[in-house]
Amino acid sequence: MPQPPMNTTRTCPYCGRDIVLGKLPVVATNFGDRLAGEPVDRPASGAEPLMWIGDWPVVAEAPMMSTKSVSRGPLGRARDSFRGAMPLPHPAEMAAFEDSPARLCTHDACLTPLPAEIDTGRIFIVPVVGTVAAGKSSYLTVVLHQAWREQRLARFGFEQFTLDEESVETYRQQYHRRLFRKREILPGTQFDEDVAKKPLVCRVQYEGADPALLFLHDIGGEMLMDRSMRRRFGGFIRRADAIIFLIDPVCLDRPDGRSWAECGVLQADDLDYPQGPLFRACIEELESGRRTPIAVTLSKSDLVADALPEIGRFLVEPPNRQDPDEWNQDLSDLEQTVIRALQGLSEWDLLNAQRMIDPELISFHAVAALGTNPQNGEIVDLAPQRCIDPLATVLFRIPALTEPAS
Ligand SMILES: Nc1nc2c(ncn2[C@@H]2O[C@H](COP(=O)(O)OP(=O)(O)OP(=O)(O)O)[C@@H](O)[C@H]2O)c(=O)[nH]1
Ligand SMILES: [Mg+2]
Ligand SMILES: [Zn+2]
């Protein structure tokens with residue numbers, strides 16, 4: 001890809017502020033002291049960095065800034081008229097700080113090294129949203145397993161779908177191992193004020209398009225449901241390129257009058273959160289002018305199939321070799337079923353709120369990440385159902401992700 005001009009403005013995917021590429025210094029992100037976890041007051045060996053910004057040793061000055069003005073913050077006087085192209089230095093040119101050079105977002109509260117894709121601007125933010133215990137973490141675990149390890153999007157044209165190296169360990173230890181190996185229920189996602197800086201990052205490439213990064217954020221429901229916390233720490237949701245919104249059927253009433261607790265759902269009596277308000281808030285809080293596709297996704301569809309046996313059809317996994325046209329038809333048939341299920345569970349508030357969105361941007365799905373109700377904290381028979389549908393649908397609705405490379 002050609003190098004971007006230095007005066008290119010992008011949005012920092014972590015803090016959401018505008019950044020001008022030429023005003024960002026380049027820092028080393030994988031240097032001796034940092035790897036050893038030791039204090040970072042001096043370089044490991046060899047070459048001295050130009051200076052430190054926060055925890056990061058600067059290895060190349062911002063071309064549009066003098067080092068002095070960088071240290072005072074990004075607003076120092078800069079030579080804005082400089083328009084040359086700007087490559088990142090090659091690691092081999094960087095002596096002791098040779099590893100993983102990255103531009104640094106210099107906004108005070110951020111100071112985060114940026115992925116190289118900041119140059120191309122191809123970073124897409126896709127959070128999974130829902131009330132406490134809606135199934136977000138379980139869903140992410142399973143959908144990443146299917147999209148990455150099983151390459152289930154390959155037949156729809158995604159030539160590459162891999163987890164970025166830095167996310168592999170987090171995914172393996174906090175998600176995959178627990179669910180797929182130990183067959184344990186995942187713990188509730190804790191409040192984390194740095195959630196914006198800790199997405200699970202995927203590298204994706206659609207046929208004929210340029211490569212891109214997907215930032216999939218797993219956010220605790222408690223944080224999402226608190227308006228002030230959402231605004232303070234979840235600013236990236238307002239800038240989402242797509243949202244997967246999970247609806248927890250356990251928070252809704254069964255039409256047969258039985259309680260979910262009676263039907264063996266753990267802690268069901270505590271799960272009575274209204275979901276319409278969070279859904280509406282997500283839509284209202286989106287940055288104006290954004291056309292963000294939203295996959296409204298009924299979670300734990302195994303439970304829905306039990307409560308509404310006449311619509312048990314969610315549980316049929318489409319054949320793996322399905323052709324894309326058949327798959328589209330299948331998705332739109334299923335959509336009607338999901339709407340009927342939401343009516344059957346009396347989720348009128350949310351069904352009503354969907355009017356706030358352009359019909360071209362909304363889709364309805366049903367997934368079961370586990371496909372089975374856990375017994376005594378253990379997942380006895382893991383049988384995920386239809387998890388790839390919402391992810392694939394929203395990815396195809398982000399035009400920039402799939403548009404042919406120029
Ligand atoms: N029956 C059934 N239960 C599920 C399914 N997926 C998730 N669950 C259960 O739902 C509960 C919550 O799942 P999580 O994935 O932790 O939900 P979460 O939305 O990440 O929750 P927070 O992080 O606390 O907001 C767990 O007890 C899961 O076992 C499913 O497909 N079927
Ligand atoms: Mg969670
Ligand atoms: Zn930033």
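In the predicted model, Glu287 has a relative accessible area of 34% and is therefore classed as partly exposed. The side chain of Glu287 forms a salt bridge with Arg290, and the closest N and O atoms of this pair are 3.2 Å apart. Arg290 also takes part in a salt bridge with Asp241, in which the closest N and O atoms are 3.5 Å apart. This second pair links distant parts of the chain, since the two residues are 49 residues apart. Arg290 is placed in the loop between helix H8 (276-285) and strand S13 (294-298), while Asp241 is placed in the loop between helix H7 (235-238) and strand S12 (243-247). The two partners fall into separate accessibility classes: Arg290 is partly exposed at 30% relative accessibility, and Asp241 is buried at 18%, because buried means under 20% relative accessible area.

Further salt bridges occur elsewhere in the structure, which holds 19 of them. Side chains of opposite charge can pair when their charged atoms come close. One such pair is Arg152 and Glu150, with an N to O distance of 2.8 Å. Glu150 is partly exposed, its relative accessible area being 39%.

The buried residues of H8 are Gly276, Leu278, Phe279, Ala281, Cys282, Ile283 and Glu285.

The protein as a whole contains 13 helices and 14 strands. It has 406 residues, of which 52% count as buried. The accessible surface comes to about 18800 Å², and carbon and sulfur atoms account for 46% of that surface. Contacts between residues at least 6 apart in sequence were also examined, and 73% of these join residues at least 24 apart.

Two ligands are considered next. Ligand 2 is a magnesium ion, coordinated by the OG atom of Ser137 and the OG1 atom of Thr189 at 2.0 to 2.1 Å. Ser137 belongs to helix H3 (residues 136-149), whereas Thr189 belongs to the loop between helix H4 (165-181) and strand S10 (200-206), so the pair ties together parts that are 52 residues apart in sequence. Ser137 is buried, with 11% relative accessibility. Thr189, in contrast, is partly exposed, with a relative accessible area of 30%.

A backbone N or O atom of Thr189 is 2.8 Å from an oxygen atom of ligand 1. A polar backbone atom of Ala134 is 3.1 Å from an oxygen atom of the ligand. Asn373 contributes a polar side-chain atom, which lies 3.1 Å from a nitrogen atom of ligand 1. On its own, ligand 1 has 650 Å² of accessible area, and the protein covers 90% of this area.

Two buried residues illustrate contacts made between separate parts of the sequence. Cys105 is located in the loop between strand S6 (101-103) and strand S7 (123-125). This residue is buried, with 0% relative accessibility. Cys105 and Cys12 are 93 residues apart along the chain, yet their C-alpha atoms are separated by 6.9 Å. When neighbours within four places in sequence are left aside, the residues in contact with Cys105 are Cys12, Cys15, Ile19, Leu24, Cys110, Leu111, Thr112 and Leu114.

The other residue, Asp389, is part of helix H12 (residues 388-396). Its relative accessible area is 1%, so Asp389 counts as buried. With neighbours within four places in sequence again left aside, Asp389 is in contact with Trp327, Leu331, Leu334 and His365.

Definitions and conventions:
Residues numbered from 1 in each chain as written. Chains lettered and ligands numbered in written order. Predicted model: local features only at pLDDT ≥ 70, side-chain atom pairs only at ≥ 80, totals over all residues. Heavy atoms only, no water. Donors = N, O, S within 2.8 Å, 3.2 Å for Na, K, Ca; no water. Helix = DSSP H or I, 4+ residues; strand = E, 2+ residues; numbered from the N terminus. Buried < 20%, exposed > 50% of the residue type's maximum accessible area, 1.4 Å probe, protein only. Contact = heavy atoms within 4.5 Å. Polar contact = N/O pair within 3.5 Å; in protein donor to acceptor, adjacent residues only side chain to side chain. Areas by Shrake-Rupley, 256 points an atom, 1.4 Å probe, with all protein chains shown as cover. Salt bridge = Lys/Arg side-chain N within 4 Å of Asp/Glu carboxyl O.
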